[in-house]
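Please read the following report on charged side-chain pairs alongside the sequence and the model.

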Amino acid sequence: MIELRIHGRGGQGNVVAAYLMAAAAIKEQRYGQAFPAFGAERRGAPVQAFVRIADVPIRRRSQVAEPDFLIVQDQALLHVPGVLVGLRRGGGILVNSIDSSEHLSEQTGHPTIAFNATALAQRHLGRPVPNTALLAAFLSLSEVLPIGALAGALSDRFKGKVLEKNLSLIEDAAQQVPGGIWKTMRRAPEVANG
Amino acid sequence: MVEALEGSQALARAVVLCRPGVVAAYPITPQTHIVENISKLVADGVAKLELVSVESEFSAASVAMGAAAAGSRAYTASASQGILLMAEVLFNIAGLRIPLVMHCANRAIGAPLNIWNDQSDSMAVRDAGWIQIYCADNQEAIDSTVQAYRIAERTELPVMVCVDGFTLTHTLEPLEMPSQEQVDGYLPSYRYARSLNVRHPISQGTLVGPDVFPEARHSHHQALLNSIAEIESANADWAAVSGRDGGGLLTVEGDPDAEIGILAIGSTIGTLAEAMDEYPDRPRVRLIKLRVYRPFPINALREACRGLRKLAVIERAFSAGMGGIVGTEVRASVPGVEVYNYAIGLGGRDIPLGIYPRILDAMETGDTGFRILDVDLSKLPEEDR
């Protein structure tokens, strides 16, 4: 099972990102689960959402306390207490940032990729919403799921121009990170437990 | 076909598949998404029903009651404080023997104010005379919704389908929606025998004096006890139609020969089931999922507990000044089994896999007194511990 935690701020499409990732897994005939951590939600407040992807049905409902990967939609959140807590040793962090990956890796103590998702989203969507670009970049880095699965999940949720723009955005985003470098960081797939 | 759906979105579709004539909606999160999605389906022309926006939960329950009394298949939903505001009407719906289905998207009750999941709301109205079904996952919630209408219409008892708020309602997972044909075949159009009709006027809800009130209460109690068979057949017949069996009154998994058992209600069961695999050095237990809480399935419970030495009852509500609610009833039902009773996950506190060894350790102490197992006493002043 692969577990992700997505950190963002209210209004950045955190929950939608988690739902899209799990939906993409389900598109690939795998099992996916996604849910937000609820709080008193308001724009700009730190929020988080959880994703699990597995080859067997997922029955646990606990929050993801020890994620394999973190997706952080706003670099400033790296300084918020709790954001890095529980990340598995060697686990990867994908951050929406204009900083360098080297600098952020040093800062977090984990393999960290800086990726300017806001700028890319602004270019494709005309809006600074980083979530789908980050999902595509994550899938490209980890190869947990093919990009096509994310495209499928987007097609179920959006239509027309919004969908078109998002599809071109994720294709572009996937090209902009070194593909497959996080592949070995994935835990071995679990075996169905009789 | 398996789809990626959020719980409340799937429940809205399940309700619409049952072809209700009237849906009364008063939003209260986490139930809001269900009625919001129903209203979208109405706006899109997918659902043909009368959607009534009301000004309070009291009115939502009243509108649904009136519609059902007039012979319409009706629906409403609520949670938390909203359930409490409905409480008076909930008792009336049951007492009048009006078949109605509602979801309770389980949530804590204030004060202190809290929006998160526990089951204090539905437990507070457990004596209202409704059938109560607690769902372990969203697939079970979909299937229980369809079954609930059949049970309600055959027993003339209202059914509350309880789904853990947020934990289920706001979780996206792979779900199979039944087809319209499957639901139509299982749930034929329905005629309420005592429906209000101007051509054949009857009175409902009239004053009942001491001369027949106890008899009315007795017949209601009998009706609930008798509904056991209908609940079991509703599940078996739906399993035949859908190929999915969420369990009738209760289900047992884990080690069937274990002398130690854990009984849970609602969505906690999945976490406990996976925890058994996650802690291979700890003994596997007999894991009992209590799906139907009212009527209380005493015979099925005794059967499930046969051979057990110790049983922990895990619940997400309790009666302050007494202890567990489900636990107290289970203890009274299974003489000879040492019953331990813990509340966990109150007000949305996360239930991690590590709760499993904690439960087993707590049972080792031999102290069968009720406690909130995941309480952190260090957060309390000395005198409150």
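Glu3(B) is buried, its relative accessible area being 18%, where buried stands for under 20% relative accessible area, exposed for over 50% and partly exposed for what lies in between (1.4 Å probe, protein chains only). Its partner in a salt bridge, with N and O 2.9 Å apart, is Arg13(B), a residue that is partly exposed at 27% relative accessibility. A salt bridge here is a side-chain nitrogen of Lys or Arg within 4 Å of a carboxyl oxygen of Asp or Glu.

This is a predicted model, in which local features need pLDDT of at least 70 and side-chain atom pairs count only at pLDDT 80 or more, while totals for chains, interfaces and linings use all residues. Residues are numbered from 1 along each chain as its sequence is written, chains are lettered from A in the order in which they are written, and side-chain values use heavy atoms, with hydrogens and water left out.

In chain A, Glu3(A) forms a salt bridge with Arg52(A); Glu3(A) is buried at 6% relative accessibility, and Arg52(A) is buried at 1%. Glu143(A) and Lys183(A) also meet in a salt bridge, but here Glu143(A) is partly exposed at 37% relative accessibility and Lys183(A) is partly exposed at 45%.

| Salt bridge | N to O distance |
|---|---|
| Glu3(A) and Arg52(A) | 2.6 Å |
| Glu143(A) and Lys183(A) | 3.4 Å |
| Glu3(B) and Arg13(B) | 2.9 Å |

Over all chains, the count comes to 29 salt bridges.
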